[in-house]
Amino acid sequence: MKIWVDADACPRVIKDILYRAAKRSEVITTLVANQPLQVPPSPWIKSIQVASGFDVADNHIVQALDPGDLVITADIPLAGEAIDKGAQAINPRGQHYTKANIKQRLAMRDLMEELRTIGEVRGGPPPLNQQDRQAFANVLDRLLAKHLKS
């Protein structure tokens with residue numbers, strides 16, 4: 001198992017949780033972004049800078065991941081592609097995307113995008129809070145523990 005992070009939009013506090021988890025579990029964690037990233041020195045933590053452009057980082061992650069890998073992303077289409085390739089995906093709020101729920105999440109995303117386009121809904125999600133951070137850490141720990149047992 002490797003962890004792939006859609007790092008352009010990943011909150012700093014979530015990256016910090018991932019850095020600690022990578023060192024503790026000795027799982028390679030790669031952050032992919034279209035801008036330079038500062039990551040702590042560790043054989044388990046890597047960063048890749050890709051070219052700027054729409055979905056360039058997402059496409060790199062999809063091409064590089066293997067079945068059984070884990071993708072950290074708030075991008076629901078990227079999560080869907082990861083699941084299609086046999087990987088798992090969670091978002092920074094601790095929501096675990098699965099084959100059972102990804103189609104519903106994609107449909108809801110598309111509906112909300114349409115409602116924003118016509119002005120019925122404004123703004124985005126609320127800021128990440130302590131409960132979100134804890135939910136993320138719990139789901140991540142559960143997935144890593146399951147991986148380490150196998």
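Modeller: Ile-3 stands opposite Thr-29 in β2. Strands (DSSP runs of E, at least two residues) and helices (DSSP runs of H or I, at least four residues) are numbered from the N terminus. This is a predicted model, in which local features need pLDDT of at least 70 and side-chain atom pairs count only at pLDDT 80 or more, while totals for chains, interfaces and linings use all residues. Residues are numbered from 1 along each chain as its sequence is written, and side-chain values use heavy atoms, with hydrogens and water left out.

Strand β1 (residues 3-6) runs parallel to strand β2 (residues 29-33), and 4 bridges join them; two strands pair if DSSP finds at least two bridges between them. The open sheet has 6 strands in the order β3-β2-β1-β4-β5-β6, with mixed pairing. Its edges are β3 (45-49) and β6 (96-97); each has a single partner strand, so one side of each is left without a neighbour in the sheet.

Helix α5 (residues 130-149) packs on this sheet and touches β1, β4 (70-72), β5 (88-90) and β6, where contact means heavy atoms within 4.5 Å. The direction of α5 makes about 160° with that of β5. Axes are lines fitted to C-alpha atoms, for helices over the stretch in contact, and angles run from 0 to 180 degrees between N-to-C directions.

Helix α5 also packs with α1 (residues 12-25), at an angle of about 20° and with the axes 11 Å apart. The two helices are therefore roughly parallel to each other (angles under 35 degrees count as roughly parallel, over 145 as roughly antiparallel, 65 to 115 as roughly perpendicular and the rest as oblique). On the α1 side the contact residues include Val-13, Ile-14, Ile-17 and Leu-18, and on the α5 side they include Phe-136, Ala-137, Leu-140 and Leu-144. By class, the contact has 10 nonpolar, 1 polar and 3 charged residues. Here Ala, Val, Leu, Ile, Met, Phe, Trp, Tyr, Cys and Pro count as nonpolar, Asp, Glu, Lys and Arg as charged, and the others, Gly among them, as polar.

Arg-12 and Asp-16 are 4 residues apart in the helix, so about one helical turn separates them.

Glu-26 lies in the loop between α1 and β2. Glu-26 has a positive phi of about 55° although it is not a glycine.
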